[in-house]
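Have a look at the structure first.

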Amino acid sequence: MDKLPKDPIADHPQDAHQSLDPEDWSAFRQQSHRMLDDMLDFVEHLRERPVWQPIPQTSRAKFQVTLPQQGQSLESAHETFMQDILPYGPGNSHPGFMGWVQGGGTPVGMLADMLAAGLNANVGGRDQMPVEVERQIVRWMRELFVFPETASGVFVTGTSMANLMAVLVARTVALGKSVRQQGLREFAMQLTAYTSVEAHGCVAQAMDLAGFGTAALRRIPSNDLFEMDTQALEAAIEADRAAGFQPFFIAGTAGSVDVGAVDPLNKIADIAARQNCWFHVDGAFGALGMMSPKVAPLLQGIQRADSIAFDFHKWGQVQYDAGFLLVRDAAQHMDAFAAPVAYLRRESRGLAGGSPWPCDFGPDLSRGFRALKTWFTLQVYGTEKLGNIISQTCDLAQYLVQQISQHSSLELVAPVALNVVCFRYLGETKYNSSQRNLDDLNRDIVADLHESGIAVPSTTTVRGQLAIRVAIVNHRTHRGDLDAMLNAVIAVGKTRTDQATE
């Protein structure tokens, strides 16, 4: 093959061509370094900032202007970012953020995201190294979850999407590939699925989006530990079979949304095998506990799943977003999504080679290079250190439980299996207010803490009671952050109680 010319545009020096590249690369480079340094300063000094703060109207107003016709300087846009965006983010990088299960990210992940953006790869397919990086992550996840070499995996936005895809794979296995052309109406047998009442709402949403409707999902009661009641599960399946339904899908949970409970996965796997159902695990944050010697024993049975959905951007500390679906049988996975068309023709050589492609395992053709920040995180930190971080968050949860037990004004409202602690403020005299007033009081305490910038817990409902929910996910969080949060809860609660009785 002939070599490329040294300067392909040398013969067209007068072309009136416009480009979006900088005219002055040296000045652009200086500004780029300034922007990188600002973000490194931000991460390094997180503790000096409030976890969250209300957005002033002046900042909101800057993002309510009309579409710009003429551009502005990069310096000016950066200044707006520093003044009106950076200070008013969600706060999940901060060690005081503990309300929702969101990872804190790492400086390594931030740099990897920059590299991925510079490469600007569309990782839908074709013979390119970014696809190989994603395949490396698939191989590593097979190893982590003790899956066979026949297993496949694919990056998605998050576990909500991964759960939906798992339902679609299970649907195709149950009804055959023709369901993709004929739709559900061609099948007389109505499929039914099963999950715990503690499962995330995205499982029901997956049934909705897959065309079954949420009524086809049976929500199985939980026990005192908020784990799925397996006897009730099997009874529900038998009742559906007797009524003429076809059970096809069981979703166990590894780290429930409200309290962090783990379903008895081995028992569910046994039932799925007996009942010829697809066994899926929603392991949004809990599945990566396989990296922790302390948590892995609680996940026994996850290696028997037909599919696992989880997020690297939670306990894995990867920058958003980096969800993942792992499927035991790659052929079944491809049957649910692969759609050969002329413009995606595969070749034996050239850029169009390298089949199968990631787009054969999911609905996305345009896909960012999520695998790179995940690869960097695993490569730089290793599973031992990441597993220690996971164990550390569980240890911190137990520390918080101990601290709660030492205050008569506080009450733990759910057992703590992993890293989620649910409690409430009762006041100096227990049960001195109505249930409704206590719910309102705890709701106000959480909002006051948010606005103080000290800590960001969240609220949930546990056994009919509104609770303060603390999810310890961030690798930066330590005991001092939990002490500050708990002291603030007590102080704010006392102030509000005193005001109410004046």
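This is a predicted model: local features need pLDDT of at least 70, side-chain atom pairs count only at pLDDT 80 or more; totals for chains, interfaces and linings use all residues.

Buried means under 20% relative accessible area, exposed over 50%, and partly exposed in between (1.4 Å probe, protein chains only).

Residues are numbered from 1 along each chain as its sequence is written, and side-chain values use heavy atoms, with hydrogens and water left out.

**Overall picture**

The protein comes to 14 helices and 11 strands; these are DSSP runs (helices H or I, at least four residues; strands E, at least two), numbered from the N terminus. Its C-alpha trace spans about 85 × 60 × 45 Å along the principal axes. Of the 502 residues, 47% count as buried. Residues 24 or more positions apart make up 73% of the contacts with a separation of 6 or more, a contact being heavy atoms within 4.5 Å.

**Strand E6**

How many of the residues of E6 are buried? Five of five, across residues 307-311. Ser-307, Ala-309 and Asp-311 point one way, Ile-308 and Phe-310 the other. In a regular strand the side chains alternate between the two faces of the sheet.

With E5 (residues 278-282) the pairing is parallel, over three bridges, and Asp-282 has Ala-309 as its bridge partner in E6. With E7 (residues 323-327) the strands run antiparallel, joined by five bridges; here Asp-311 stands opposite Gly-323.

The loop between E6 and E7 holds Asp-321, which is joined to Tyr-320 by a cis peptide bond. Another cis bond links Ser-355 and Pro-356, with Pro-356 in the loop between H11 (330-337) and H12 (370-405). Asn-120 and Phe-226 aren't glycines, yet each has a positive phi. Asn-120 sits in the loop between H4 (107-119) and H5 (129-144), and Phe-226 in the loop between E3 (217-220) and H9 (230-242).

| Site | Angle |
|---|---|
| Tyr-320 and Asp-321 | omega about -15 degrees |
| Ser-355 and Pro-356 | omega about 0 degrees |
| Asn-120 | phi about 55 degrees |
| Phe-226 | phi about 65 degrees |

Technical notes. Two strands pair if DSSP finds at least two bridges between them.
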